[in-house]
Amino acid sequence: MASSSHAADTPETTEQLGFEPSSWGDFFIAYEPPPPKRSEEWMMARAEKLKGDVSLLFKTCNGTRARMFLVDTLQHLGIDHHFEEQIHDSLNELLESDFSSSSSLHEVALQFRLLRENGHWVSPDVFDKYKGEDGSFRKDITNEPKGILSLYNATHLLIQDKQVKRAIHRALPRACKRVEVLQYISEYEEEEGHNQILLELAKLDFNLLQHVHLKELKDITEWWKHFSGFIDLSFIRDRLVESYTWAYVLYYEKGFELQRSITTKMIVLITTLDDTYDIRASIEECRKLHEAIQRWDKTAVSLLPEYLKKLYIELLRTFKNIEVEMPVNVNYDTAYLKKAIQNHVTGYLQEAEWCYSKHKPSFENQVNVTSLTIGAPTVCLSMMASMGDTIMKRAVEWVAGVPNVVIAAGKIVRFMNDIAAFENRKCKGDAASSVECYIHEYGVTGEVAIARIYELIEDEWRTLNKALFEDHALLPALKRIIGLALSTSLFYDNRNDVYTDSKHLHKTIKSLFVKPVLSGYLATTDE
């Protein structure tokens, strides 16, 4: 965060500030994927045929457990969004089944996870039969590796704490699901007895969606060229493709093109405002920018220094365009999103005031502010544009009130961000991170502070898990909010901030958007 002595006539570049330039540039504007051996029309027709085959599988499955395994596989392969009605019916059937009738730890743990993930309460007592007299799990369960893995995944949906030895890197309920799909498709292909219908549909669906996402990337890159060229601020991070990737992992399905665009633009605006408050603006300029954004009127541009006027104009224009682009039949009130941005910069100003006065806030006060300035309320509100008509208005009003689940998701993102920044010594400006505030307040080492913060992250996950059973009507909205928390496993994995240090994300982005999943007729003509 720059102090008031920062000279406005000596702008710094992203490179001077230690931020690497974008590795993508205009790539997605010019990129044309190699033509596949089959036309897109053929692929779409084939996918429809396979969807019918899968629907038939639900009817011909040999009992409830077979349908449970089918649902699990569909989720792993990322094609469950095509079969919501069948999955809903299968889960209701599963809810009525008797846990005690199975001796398989794998089956019981899978049933537990699938039901809890979808808002159905299941008591953890179902695992009692696998425990000894002292309450710990019996050693003989290690003879069932799939059961151990399913149990590990299931425990991450508990409300109360439970100790299970960590044998793998990350539990399935904490994974960034769209990235996991790519890994699972290749693993599933190697599984003995895999279902070829499901595998073929997963590959087709991924590639067809990739065509949609490539077009969106071209359009959003052109928007960014206008936006960044107009505001002309050399110190902000160019993370347009990374911002789109973040929106993509929150909702990748076809039919959400406008919603992904809105969320991407919100992330870009958050990044731009964050860098402005943290790096460039003096305290007086921070106050003026805050005042202008609260007024939200073109006349307020007169409050601002010359270098911020275009940013303010473009902020207002971006929101105006979103209002124009919103279909008349979508009951989404952008006034709530505008208010979220206004509240967001109020948090930025508080951080700037702390920094200017050299005040180190308490850990609690720091977290209360920065768990909001990380962007969770704004991003969560933008995601509500994807809700169906029946719950749209209620979901928007609920999220606009910043309920505890939005705060929980924000804390998870903030803590993971701050741990990565502390580990890599990449804290921007002079504002103290949550890790540094904890160290200062409690007089502990960095590792002790990080260990404690990881415990607090688990507390926030339990808040999100508990919410699954509180209001079933809002479950679709809640799942999107949980998706924001899940995205940290991609953007802050291994204590790295790959949004800022984006070279670490390059390979993943290429796998998601540039490289099709190849097999047989899905291969390209230039292989």
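**Helix packing and positive phi values**

Lys358 is found in the loop between α13 (334-356) and α14 (363-373). The model is predicted. In this model, phi of Lys358 is near 55°, a positive value in a residue other than glycine. Lys358 counts as exposed, because its relative accessibility is 75% and the exposed class begins over 50%.

Arg495 also has a positive phi. Its value is near 60°, and the residue is not glycine. Arg495 lies in the loop between α21 (488-491) and α22 (506-513). Its relative accessible area is 22%, so Arg495 is partly exposed. The buried class is set at under 20%.

Helix α16 itself spans residues 392-400. Four of its residues, Met392, Ala395, Val396 and Val399, are buried. Seen down the axis of α16, these buried residues fall within an arc of 100°, so they line one face of the helix. Their packing partners are α13, α15 (376-383), α17 (404-423) and α20 (475-486).

The crossing of α16 past α20 is right-handed. On the α16 side, the contact involves Ala395, Trp398 and Val399. On the α20 side, Ala477, Leu478 and Ile481 take part. By class, this contact has six nonpolar residues, with no polar and no charged ones. Ala395 and Val399 of α16 are among the residues meeting α20, and both are buried.

Helices α2 and α3 form another packed pair. α2 covers residues 40-60 and α3 covers residues 64-77. Their angle is about 155°, with the axes 9 Å apart. That makes α2 roughly antiparallel to α3, because angles over 145 degrees fall in that class. The crossing of α2 and α3 is left-handed. From α2, the contact draws on Val54, Leu57, Phe58 and Lys59. From α3, Arg67, Leu70, Val71 and Leu74 contribute. The contact of α2 with α3 has six nonpolar and two charged residues, and no polar ones. Lys59 of α2 and Arg67 of α3 are in this contact, and both count as charged.

A further pair is made by α8 and α10. Helix α8 runs over residues 196-231, and helix α10 over residues 257-280. Their axes come within 11 Å. They cross at roughly 35°. α8 passes α10 in a right-handed crossing. The α8 side of the contact consists of Val212, His213, Glu216, Ile220, Trp223, Trp224, Phe227 and Ile231. The α10 side consists of Glu257, Arg260, Ser261, Thr264, Lys265, Val268, Leu269 and Thr272. The residues of this contact divide into eight nonpolar, four polar and four charged.

Key
Residues are numbered from 1 along each chain as its sequence is written. This is a predicted model: local features need pLDDT of at least 70, side-chain atom pairs count only at pLDDT 80 or more; totals for chains, interfaces and linings use all residues. Side-chain values use heavy atoms; hydrogens and water are left out. Axes are lines fitted to C-alpha atoms, for helices over the stretch in contact, and angles run from 0 to 180 degrees between N-to-C directions. Helices (H or I, at least four residues) and strands (E, at least two) are DSSP runs, numbered from the N terminus. Angles under 35 degrees count as roughly parallel, over 145 as roughly antiparallel, 65 to 115 as roughly perpendicular and the rest as oblique. A crossing is left-handed if the near helix is turned anticlockwise from the far one by less than a right angle, and right-handed if clockwise. Contact means heavy atoms within 4.5 Å. Buried means under 20% relative accessible area, exposed over 50%, partly exposed in between (1.4 Å probe, protein chains only). The arc is that of the directions from the helix axis to the C-beta atoms.
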